[in-house]
Structures are given as C-alpha cells and as structure tokens.
Amino acid sequence: MATVLTRSGNAAAEKVRREHDSDGKLEPDASSTSINSIPPLGVVVEEKRFWFQRGGRSNYDPDAIATLPSVYDDAETAEKYQPRSDWENLSRFDPLFRWTWAEEYKLVHKIDFRIMVWACIMFMALELDRANIGQALTDNFLPELGMITNDYNLGNTVFKLSFLCAELPSQLVSKWVGPDRWIPAQMVLWSIVAAAQFWLSGRTSFLVCRSLLGILQGGFIPDIILYLSYFYKHHELSLRLGFFWTAMSIADILSALLAYGLLHMRGVHGISGWRWLFLVEGLLTLVIGVFAFALMPAGPVQTKSWFRGQKGWFNEREEKIIVNRVIREDPSKGGMHNRQPITPRLLWQSLKDFDLWPLYALGLVFQIPMTTPAQYLTLTLRGLGFDTFQTNLLAIPYTVLHIITMLILSYLAEIVKEQTFLSMSGQIWSLPFLIYLNVVDTSKINRWVLYAVTTLLLGYPNPHPIQVGWNSRNSNTVRSRTVSAACYNMFVQASGIISSNIYRTDDAPLYRRGNRALLGIVCMNIALYGIVKVYYVSRNRYRDKKWDAMTVEERLNYLSTTTDQGNKRLDFRFAH
C-alpha cells in the first residue's frame, strides 16, 4: 500500500530542511523511518548527469541522498498528486523512501542494459527493413521492375503516407493492450511483408508492399518512446533518444555492409541480388520480433516471467527506486495505468492542445533540407559514375559523421538546458553547403568534391532526439504524451512526403531546382525556431505573472479545485 504524508505541508517541509544534515548522507534506517520522523531529503544541487562530470574535483558524493524534494513532501500538495488506485506501480510508491546517487546511477546503467539496448536493436530492425530500398536501387531495381524515378518517388510517398496514417491508431492500440505486446506483434507482421518483397513483380506490387510496410511500422517510434518513459526521467530520456537514433544510423551502416555482401548474390539460382537483400533482412527482423515478446516487460515492477526469470530483472529496492524517482520528477505519470485505453474525449483534449502545435510545425519542416538529398544519395552517386558497390560503401562516412554530431548535440542540450537554439544548429550547419550547391556549377566540378559537400551536408547534427524529448516534457500527462508523440511523428512523416517530391526526374542528376527549394526551406526553418522560442517564453512569463500574484492559500486552493490538466496547469512551465 502506498504511504501518504499526513503532516502539515509547510511545517513538514521546514522540519525536513532543519533535520537535513550538511552532507545529505543516507542513514542506514532511513527507509524504515516512521511518518513522525520524516527522513531527510537530498540537497537540491546541480545534478551530475554524465559520468565525466563525476570525477576529478567535482562535488559529486555517491553516498548523498538522491531523493530530491517534490510535491509528495507536502501533505496538502501530495493529496492532489496521488497516483490512481489501479496504477501498476502503486505497490512500490512510497513518498518516505530514500536512496543514494550511487544506487540511482548504478540502477540507470542496469536499465540501459536491460531496456534501452533492446529498444535500440528493435529500432535497428525497423530501419533495416524500411531503408534497404536505397541499397536495392543500386542493383538495377527500377529497370528490372519497369519503373522510373517518379515511380520510386510515388513509392516513398505511399510509404510515408501509410506510416503517417497508422501513427495515431497504432499508439492508441499500444496504450490499450500495452507496448510490450503491441510492438513485438508489429515487428513480426512487418518482417513478413519485408521478406515478401523477394517476389515483387512490378509497379503495383511495389506500391502495395510499401503501403503495407508503412501501415505496420507506423506508430513504432512513439510506442517505444512511451514505453521508455516508464523507466526514465525526462532528461535521461532525451539523451537516450540520442542513442536511439544513433542506433538507426548504425543500422544504416550495417545495412550498407550487408548490402555489399547480399547484392553479390546476384545470379544465385538466377535471382537478382536485391531480392536476396529483402528476403534475408526480412527474416532477420522476424527473429528479433519473436524475441521481443520475451524481452519487453510491461513495466518496472512486472519483469518476472518464464524467460526473464522468476525473480525478474530488479529486486524490490531497485523497483522502488525506479518508480519513486520517476514519479517524484513527474507526478503525471501516475495518472494512467499501462493497459488503459485513450477514450475519444481524452483523445480530443490532446489533439486540441494548441501549446504543442509549435513543435508539430517544427516536425513538419526541420528535416526536409537533409532528408531529400539522403533519400536520393544512392541514385545521385550512380548518376555521378560510381558503381553499385562503391555507392553502398560511400554512403557510410556521412552516417558516421551524423552519429557523432547528433550525440554531441544531445549531450549539449542536457548540459546547457537549451532546446530551441541547439535544435536550430542543424539548419545553420546545412546552410553553407546548400548555398554552395546553388552557387557553384556542380556539373563542372570533380565528382569527389560534390560527394564531399553532400557528405558534410548529410552529417548535420540532427535535433530529432531533442525535439522528441522536448515534446514529451511539454505534454505533462501520460494521456497527452501518448497522443502528442504520435502527432509529432505524424508531422515528421509528412515532412518525408514533401521531401520525396522535391527532387524530380527532369532535374536529375544534380537537382539544381530542388536545391534552390531546399535553401529556401532552411531559411524559413531558422525563422520558425525563433518564433517557437518567443512563443514558449511568452507563455511562461504569462503564467509566472498570474502564479506570483497568488498567495500561498490561493495556490493551495487552486491545486485543490482546478480542472486544468497537464500543461494547462498554472504551476507548469514549458521547456524551450
């Protein structure tokens, strides 16, 4: 049964401050302290989030209490934020529970190994099956199926549109049956379709398969993000999303290397190499999907199973640390259980949340300047005279650069606690390279120079992990976070549809007209980031003004009587 504080809120908080020793050490019997002697809380200092911040002369103390103050330490506010009675983690919720930084960081590493690594592997499987079309192009894929570049554009558009349309329904199903059940089912289904591309016979079968893949893969990314939020704090999730999208880039590298080998199978049993590519990689994803059923627990306190062991992955103390550290940071995570469906009314409330639409607008346009050249990289390289195998290997360097810049950006975002301007850096990075492609007559320069410029353009610091975490923070309820993750990704997929139609057949292979359009979009994006910054700063200042004008009694009355939810509460401030 969850423990609830019953002492006077202000008096209790003052008592905690008086009783807290200067070192913030955790006493041996802290976890069993009675309610009449509230155990001390940790000192609110700059958290050492990364390993390189904890060495040398830093003031990091591994034995200090990591339980930081929250609404659950005040009796009057704690009552307003209690988790619902059917919350799956309620048995481990305890406002009096305390733990140390050493315990927390060790446990986070354990979560990374048990949960995050497998999430990355599953994402790599998705990327393998949706992106291998690029490698197939280098093996006479279009001519053998009687298609041209515009047919390929249509296939990309069909895939993105299907992916987009499936995002929200998939997320709603996931919230209803649980991501631990729905995600593995998705993987098994799409892997069968991916492998079935071995039997493609022409334009119609190509479009049908691309549509089915989009429908079955749609929703996977927001499903995973919702799942990971059960285990991580907001800042931890943002950084790990950087590793999540790094896994996608690693998959692109592995895909190029696999393609180099599998495309050499051209002629085996008289079959084209691209057919073997689709079959082998689809079967590989099928195996990963089957294992996902056993390797995805429903939540932190539901890890016991025949496959994961009768004792589960975490002991009782570890489960209490996971649950309490997450809900103390974000009490809204106790507002829904992990098998609770989103009702039509809750769905409508989330969709009309205008405070998240600035982020959706960014999702629609921020990747277009880089996605377009990336989608056509293999075709461009073939047009410049590189052969099939050179083309696949030349696609690797920009991916490596992309990984490095994205991880650096993700780390910086959490160190300096700035989302908007760091997210804008991808646009600023791409600006000089797009200017070069528009000013210089690329038909007269060496193909290796053009390749180098394109590689540097595509190696941009991608802010996608930052913006996904930013969207999650600004949602502030499980219900809104569920829907907003899908909505944001729908806009990102819509940007893919736009990207797929900027380079046209009559503009190949240098795509001068398309590059002019991309330069204009970059300039627009830089202005849009500035507008988003101004919007969230203005919203926070408006709330500060109203909140600061209220007395303590008025604030408590507001918390007791308000019908405002999520990011509409006066005590919530938007990240920017």
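Asn-315 caps the N-terminal end of helix α11, with a side-chain oxygen 3.1 Å from the backbone nitrogen of Arg-317. The model is a predicted one, in which local features need pLDDT of at least 70, side-chain atom pairs count only at pLDDT 80 or more, and totals for chains, interfaces and linings use all residues. Residues are numbered from 1 along each chain as its sequence is written, and side-chain values use heavy atoms, with hydrogens and water left out. The protein chain holds 23 helices and zero strands; helices (H or I, at least four residues) and strands (E, at least two) are DSSP runs, numbered from the N terminus.

**Helix α11**

- Helix α11 covers residues 316–329, which is 14 residues.
- From its first C-alpha to its last, α11 reaches 20 Å, close to the 20 Å expected at 1.5 Å a residue; the expected span is 1.5 Å times one less than the number of residues.
- Eleven of the 14 residues of α11 are buried, and the helix is mostly covered. Buried means under 20% relative accessible area, exposed means over 50%, and partly exposed is in between (1.4 Å probe, protein chains only).
- The buried residues of α11 include Glu-318, Glu-319, Lys-320, Arg-325 and Arg-328, and also Ile-321, Ile-322, Val-323 and Val-326.
- Helices α3 (101–137) and α9 (234–262) are among what covers the buried residues of α11.
- An α-helix has 3.6 residues a turn, so residues three or four places apart point the same way.

**The whole chain**

- Of the 576 residues in the protein chain, 60% are buried.
- Among contacts between residues at least 6 apart in sequence, 83% join residues at least 24 apart. Contact means heavy atoms within 4.5 Å.
- The count of disulfides comes to zero, where a disulfide is a pair of cysteine sulfur atoms within 2.5 Å.

**Gln-427 in helix α18**

- Gln-427 is found in helix α18, residues 420–439.
- The relative accessibility of Gln-427 is 1%, so the residue counts as buried.
- The side chain of Gln-427 makes a polar contact of 2.9 Å with the side chain of Asn-525. A polar contact is a pair of N or O atoms within 3.5 Å; within protein, one must be able to donate a hydrogen and the other to accept it, and residues adjacent in sequence count only if both atoms are side-chain atoms.
- Leaving aside neighbours within four places in sequence, Gln-427 is in contact with Phe-366, Pro-369, Met-370, Val-522, Asn-525, Ile-526 and Tyr-529.

**Leu-379 in helix α15**

- Leu-379 lies in helix α15.
- Leu-379 and Ala-508 are 129 residues apart in sequence, but their C-alpha atoms are 9.1 Å apart in space.
- Not counting residues up to four places away in sequence, Leu-379 touches Leu-137, Thr-149 and Tyr-152.

**Aromatic rings**

- The whole structure has 27 aromatic pairs. Rings of Phe, Tyr and Trp (its six-membered ring) pair if their centres lie within 6.5 Å; planes under 30 degrees apart count as stacked, over 60 as edge-to-face and the rest as tilted.
- The ring centres of Phe-386 and Trp-448 are 5.0 Å apart and their planes stand at 75°, so this pair is edge-to-face.
- This pair links distant parts of the chain, 62 residues apart: Phe-386 is in the loop between α15 (377–383) and α16 (388–394), and Trp-448 is in helix α19 (residues 447–458).
- Phe-386 is buried at 2% relative accessible area, whereas Trp-448 is partly exposed at 45%.
- One aromatic cluster is formed by Phe-123, Trp-190, Phe-220, Phe-244 and Trp-245.
- Arg-210 lies over the face of Phe-159, 5.0 Å from the ring centre, and Arg-308 lies over the face of Trp-313, 5.8 Å from the ring centre. A charge sits over a ring if NZ of Lys or CZ of Arg is within 6 Å of the ring centre and within 35 degrees of the ring normal.

**Positive phi in loops**

- Asn-140 is not a glycine, yet has a positive phi of about 60°.
- Asn-140 is placed in the loop between α3 and α4 (141–144) and is partly exposed at 39% relative accessibility.
- His-269, also not a glycine, has a positive phi of about 60°.
- His-269 is found in the loop between α9 and α10 (273–295) and is exposed, with a relative accessible area of 70%.
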